[in-house]
Amino acid sequence: MTRLNPRHTLLALALCLTAPWAHAHGDEVHDSPSPAPAAAPSAPRNPAAASLALRPQRLPDGRVWLDKASQRQLGIRTQLSMLGEHRPSVELNGHVVMDPNAGGRVQASLSGALEAGPDGLPSAGQRVRQGQLLAYLRPSLSAGERASQQAELAELHIKAAQAARQLARLESLRETVAARDIDAQRAEAASLRQRAAALAAAGGRLALRAPASGVLSQANALNGQQVEAGALLFEVVDPQKLRVEALAHDPAMAQQLGRASLPGSATPWQLVGSATAFRDGALPLLFAPQGRQDVPLALGQSVKLRVAYGAPVSGVALPAASVQRNSANQPVVWLHDSAELFRPWPVQIAPLNGQDVLVRDLPAGRRVVSAGAALLNQIR
């Protein structure tokens, strides 16, 4: 039996263990340089910037980022802050009244019945001219009054006829009768004729005519209607010359009022005068339009009159909706810093009028959010 050399046995065992590894890497080039390690991942972007790219939100410094599409959806509008002098104003309650020089009323002077004229009775809203016949009024007389009137009228006719015959005789004797007697008889005959004509007219109908040109605001007449003395039958107004009577509770206010305006109207109104006596606890103030009135008004209509009051003050006038409150309950406005960034700016405000406020501590020439500030203030 052949004995194996221990050295040969160890060598064969080593070859058996290393053979698979040598077979697996036999086709590779081992003298080439090893491949370079993969590049390290870049540092992540700023989390705030990544979040801003997704949705509008408030930044840590208090500013708000809002993309252009969202600005259009929220109706964000801005205006340039302009520093200037502005006069505060107050709102007064008033009602529309007639200009006494541009209208009038037609009332019944006697009790009687109404009769239509040749063109019929006018209706409310119809335009009339001054002196136009509106209706007739036939006075109401009792049977005794009518009989007495007719008897007196007949007596006057008889006396007038006698005076006329006497005047004719005197004129035929002009050569022997003094001229003064003829003139006296002529005057008496004329007086009797005029008295008879006046009495006949008193028993007939009276013509009712328009006192001014304009539009009939009231027409309370019907054919055959019986009316009492003093009853309002027609009212004529000029729609372009109406006035507003406002009420003030401070007598000194009338000395500090300026021009006024009505909501939705560009026509300025001027103070005409103020009463010197209180009426129902208030002082009436009368305002008239300076030019053609561009807002339709009606007699008796209740209106709100915005009147300049007090001394001018300096500041920036902004819409009241542009001022919001921050988390500390301070009034702020939103400045448009850049295309998509808005910054809150603390300010001091004072009332200016019903639509605008006076803003102080605001730099001039900055873009201020004038519409949509409430929605912008809610972004978190």
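**Close-up views of a predicted model**

View 1. Leucine 83 stands opposite valine 316 in β19, in a model that is predicted throughout. Strand β4 and strand β19, the latter covering residues 313–319, pair in the antiparallel sense over 4 bridges. Both strands belong to an open sheet of 4 strands, which follow one another in the order β4-β19-β24-β23 with antiparallel pairing. At the edges of this sheet stand β4 (83–86) and β23 (348–351), and each has a single partner strand, so one side of each is left without a neighbour in the sheet. From one strand to the next, the twist averages 55°.

**View 2. Strand β5 between two partners.** Strand β5 is joined to β18 by 7 bridges, and the two run antiparallel; within this pairing, histidine 95 stands opposite serine 302 in β18. Strand β5 is also joined to β14, again in an antiparallel arrangement, through 4 bridges, and here valine 97 stands opposite arginine 243 in β14.

View 3. Arginine 243 forms a salt bridge with aspartate 99, and the closest N and O atoms of the pair are 3.5 Å apart. The two residues are 144 residues apart and link distant parts of the chain, with arginine 243 in strand β14 and aspartate 99 in the loop between β5 and β6 (103–107). Arginine 243 and aspartate 99 are both buried. In general, side chains of opposite charge can pair when their charged atoms come close.

**View 4. The largest nonpolar core.** This core has 19 residues, and those with the most contacts inside it are Trp269, Leu285, Phe287, Leu297, Leu305 and Val307. Two or more residues are given to the core by each of the elements β5 (89–97), β14 (243–248), β15 (257–261), β17 (283–289) and β18 (302–309). Leaving aside residues up to four places away in sequence, phenylalanine 287 touches a set of residues that includes Val244, Leu257, Trp269, Leu305 and Val307, and also Arg243 and Gln270. A second, separate core has 15 residues, among them Leu134, Leu233, Phe234 and Val236.

**View 5. Charged residues around helix α5.** Arginine 186 forms a salt bridge with aspartate 183, the closest N and O atoms being 3.0 Å apart. Because they lie 3 residues apart in helix α5, arginine 186 and aspartate 183 are separated by about one helical turn. Salt bridges that share partners join Glu171, Asp183 and Arg186 into one network. Arginine 186 counts as partly exposed, at 35% relative accessibility, and aspartate 183 likewise counts as partly exposed, at 45%. Arginine 174, found in the loop between α4 (143–172) and α5 (179–203), touches Ile182 and Arg186 when residues up to four places away in sequence are not counted.

**View 6. Two aspartates with positive phi.** Most residues other than glycine have a negative phi. Aspartate 280, however, has a positive phi of about 55° although it is not a glycine, and it lies in the loop between β16 (269–274) and β17. At 78% relative accessibility, aspartate 280 counts as exposed. Aspartate 361 also has a positive phi, near 60°, and is found in the loop between β24 (356–360) and β25 (367–371). With a relative accessible area of 49%, aspartate 361 is partly exposed.

Technical notes:
Residues numbered from 1 in each chain as written. Predicted model: local features only at pLDDT ≥ 70, side-chain atom pairs only at ≥ 80, totals over all residues. Heavy atoms only, no water. Contact = heavy atoms within 4.5 Å. Pairing = 2+ DSSP bridges. Axes fitted to C-alpha atoms, helices over the stretch in contact; angles between N-to-C directions. Core = buried A, V, L, I, M, F, W, Y, C linked by side-chain atoms within 4.5 Å. Buried < 20%, exposed > 50% of the residue type's maximum accessible area, 1.4 Å probe, protein only. Salt bridge = Lys/Arg side-chain N within 4 Å of Asp/Glu carboxyl O.
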